[in-house]
Amino acid sequence: MKSRLKELRAREGYNQTQLAKLAKVSRQTISLIERGEYMPSLLIAVRIARVFNEPVESVFQFEEEEL
């Protein structure tokens, strides 16, 4: 899974802690997602996408073999 999380976070001027609070997750979760070491649940993905007012598919892109 690829993520635009770091790009979107920079666009909005959020640090990991600020984004984590807005999305109601831990800062470690944001860090792991950005490093590609954690695939968020649908609930977490939706929360993060809503922070940026973006569709989930715009924030997270799945590789064909993952589907």
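Let's start with S31, which sits in helix α3; helices here are DSSP runs of H or I with at least four residues, strands are E runs of at least two, and both are numbered from the N terminus. This is a predicted model, where local features need pLDDT of at least 70 and side-chain atom pairs count only at pLDDT 80 or more, while totals for chains, interfaces and linings use all residues. Residues are numbered from 1 along each chain as its sequence is written, and side-chain values use heavy atoms, with hydrogens and water left out.

S31 counts as buried because its relative accessibility is 10%. The cut-offs are under 20% relative accessible area for buried, over 50% for exposed, and partly exposed in between, using a 1.4 Å probe and protein chains only. The S31 side chain makes a polar contact with the side chain of R35, at 2.7 Å. A polar contact is a pair of N or O atoms within 3.5 Å; within protein, one must be able to donate a hydrogen and the other to accept it, and residues adjacent in sequence count only if both atoms are side-chain atoms.

S31 is also one of the residues touched by Q16, along with R9, R27, I30 and E34, leaving aside residues up to four places away in sequence. Contact here means heavy atoms within 4.5 Å. Q16 belongs to helix α2 and, at 18% relative accessibility, is buried too.

## The nonpolar core

The largest nonpolar core has 15 residues, and L5, I30 and I48 have the most contacts inside it. Such a core is a set of buried Ala, Val, Leu, Ile, Met, Phe, Trp, Tyr and Cys residues joined through side-chain atoms within 4.5 Å. Two or more residues come from each of α1 (5-12), α2 (16-23), α3 (27-34) and α4 (42-51), with α4 giving the largest share, four residues. As background, nonpolar side chains tend to be buried together in soluble globular proteins.

Take I48: not counting residues up to four places away in sequence, I48 touches L5, A23, I30, I33, V59 and F60.

The buried residues of α4 are I44, A45, I48 and A49. Those residues cover an arc of only 130° around the axis, so they end up on the same side of α4; the arc is that of the directions from the helix axis to the C-beta atoms. Over on the other side, L42, L43 and R50 are exposed.

What do the buried residues of α4 pack against? Their partners are α1, α2, α3, α5 (56-59) and β2 (60-61). Just after α4, N53 takes a positive phi of about 55°.

## Salt bridges

How many salt bridges does the structure hold? There are five, each being a side-chain nitrogen of Lys or Arg within 4 Å of a carboxyl oxygen of Asp or Glu. One of them pairs R9 with E34, with the closest N and O atoms 2.6 Å apart. R9 is in helix α1 and E34 in helix α3, so this pair ties together parts 25 residues apart in sequence. R9 is buried, with a relative accessible area of 13%.

R11, E12 and E54 are linked in a network of salt bridges. E12 pairs with R11 at 3.0 Å between the closest N and O atoms, and E54 meets R11 at 3.2 Å, N to O. R11 is partly exposed at 46% relative accessible area, and E12 is partly exposed at 36% relative accessibility.
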